Amino acid sequence: MIVRARAPLRLGLAGGGTDLSPFCDLYGGCVLNATIDLYAYAHLLETDGAKVRISAPDIGEEFVTEAVSRLEPTGPLALHKAVYNRIVKDYCGGKPLPLSLITHCDAPPGSGLGASSTLAVAMIKAFVEWLRLPLGEYDVARLAYCIERRDLNFSGGRQDQYAATFGGFNFMEFYADDRTIVNPLHVKNWILSEIESSLVLYFTGVSRLSSAIIDEQTRNVQENDTSSIEAMKILKEDAIGMKEAVLKGDFARFAHYIGNSWEAKKRTARGISTPRIERVFDLALGAGAKAGKVSGAGGGGFIMFVVDPARRTDVVQALQRADGEVRNCHFTKGGTEGWRLD
């Protein structure tokens with residue numbers, strides 16, 4: 001038997017960073033994001049042997065061992081091992097699971113699209129399908145969050161796991177004690193089409209570790225850094241305003257919040273922008289882009305620009321003079337899904 005699962009990556013449109021503790025614990029966080037047709041995939045094969053084989057060919061990694069109750073969650077496949085550990089411990093009574101787990105992702109780690117969290121969701125969904133676990137959307141997202149943030153102590157917030165699980169356009173609220181509320185937005189098709197036509201997604205070619213930026217943002221709130229906290233509050237308000245702009249089809253306000261959020265985001269920590277990123281912004285804005293922001297923590301990865309669809313070609317041609325790559329994408333309405341091949 002083979003089980004497959006996939007989960008969509010996301011664009012962080014507004015409020016990113018306010019889902020981090022301790023900010024959301026103290027002030028409440030708000031994020032607006034949308035999933036796109038780039039995916040993380042997981043393939044589970046039940047085996048008759050006594051081995052656990054984990055493979056991620058897109059990053060050139062493989063791990064093989066005897067089937068045991070716990071794998072040491074270290075190395076490039078630490079996330080895969082941690083997911084296996086949680087499933088065995090919480091849902092199999094500690095009984096080892098001989099299996100072959102293969103994963104790959106349409107975007108590299110450090111892309112700013114939530115790739116690692118999305119991969120965790122896809123792997124969990126594959127186990128849910130295989131073992132027929134009674135886990136709903138909130139359960140899957142929270143489990144992925146706990147594996148990353150608690151079992152592995154990976155730095156980060158909460159939006160990625162919930163975006164990958166629920167899919168679509170979502171306005172999310174984050175509070176103390178890990179309380180998360182996902183509000184799916186029912187956006188009219190013509191509005192989705194206009195936003196889709198207005199976005200240019202550009203990969204800088206630089207994959208970065210977000211942990212340093214996230215750790216600094218966390219530290220700034222802990223140390224009551226007024227400038228950083230005020231910038232975070234602006235990001236939260238931008239997410240609220242962006243929700244209204246999206247639902248009403250107010251594209252001028254949509255572009256405003258993208259640009260405003262980028263300026264606020266740069267004040268939350270160092271390293272969010274770089275000379276290379278600023279050069280890309282100069283090229284895009286000089287060719288007619290209205291606004292832009294880096295998706296994710298910053299420092300590299302993907303940048304989204306808002307353009308007049310009639311001037312899209314001008315912006316794309318300008319960006320082609322830089323070292324990165326323009327990518328096409330479309331919004332998705334569904335979240336993670338799994339299926340069996342008997």
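In helix H6, which spans residues 189-198, the buried residues are Ile191, Leu192, Ile195 and Ser198. These residues lie on the same side of H6, because they cover an arc of only 135° around the axis. An α-helix has 3.6 residues a turn, so residues three or four places apart point the same way. The structure described here is a predicted model.

The face of H6 turned away from the buried side carries Asn189 and Trp190, which are exposed. On the buried side, the residues of H6 pack against several elements of the chain. The helices among these partners are H8 (226-248), H9 (251-265) and H11 (312-319). The strands are E6 (169-174), E8 (199-203) and E10 (302-306).

## Cysteines without disulfides

A disulfide is a covalent bond between the sulfur atoms of two cysteines. How many disulfides does a search of the whole structure find? The search finds zero.

A disulfide would require the two sulfur atoms to be within 2.5 Å. Cys329 is likewise in no disulfide, as the nearest cysteine sulfur, that of Cys105, is 14 Å away.

Are these cysteines buried or exposed? Cys24 counts as buried, with a relative accessibility of 1%. Cys329 is also buried, and its relative accessible area is 15%.

## A cis peptide bond

The peptide bond that joins Ser21 and Pro22 is cis, with omega at about 10°. Pro22 belongs to the loop between strand E1 (2-14) and helix H1 (23-27).

## Positive phi angles in two loops

Asn153 is not a glycine, yet it has a positive phi of about 60°. Where is Asn153 placed? Asn153 is found in the loop between helix H4 (137-151) and helix H5 (159-166). Its relative accessible area is 60%, so Asn153 is exposed.

Asp178 also has a positive phi of about 60°, although it is not a glycine. This residue sits in the loop between E6 and strand E7 (180-184). Strand E6 is also one of the elements against which the buried residues of H6 pack. Asp178 counts as buried, at 12% relative accessibility, whereas Asn153 is exposed.

Technical notes:
Residues numbered from 1 in each chain as written. Predicted model: local features only at pLDDT ≥ 70, side-chain atom pairs only at ≥ 80, totals over all residues. Heavy atoms only, no water. Buried < 20%, exposed > 50% of the residue type's maximum accessible area, 1.4 Å probe, protein only. Helix = DSSP H or I, 4+ residues; strand = E, 2+ residues; numbered from the N terminus. Arc of directions from axis to C-beta. Contact = heavy atoms within 4.5 Å.
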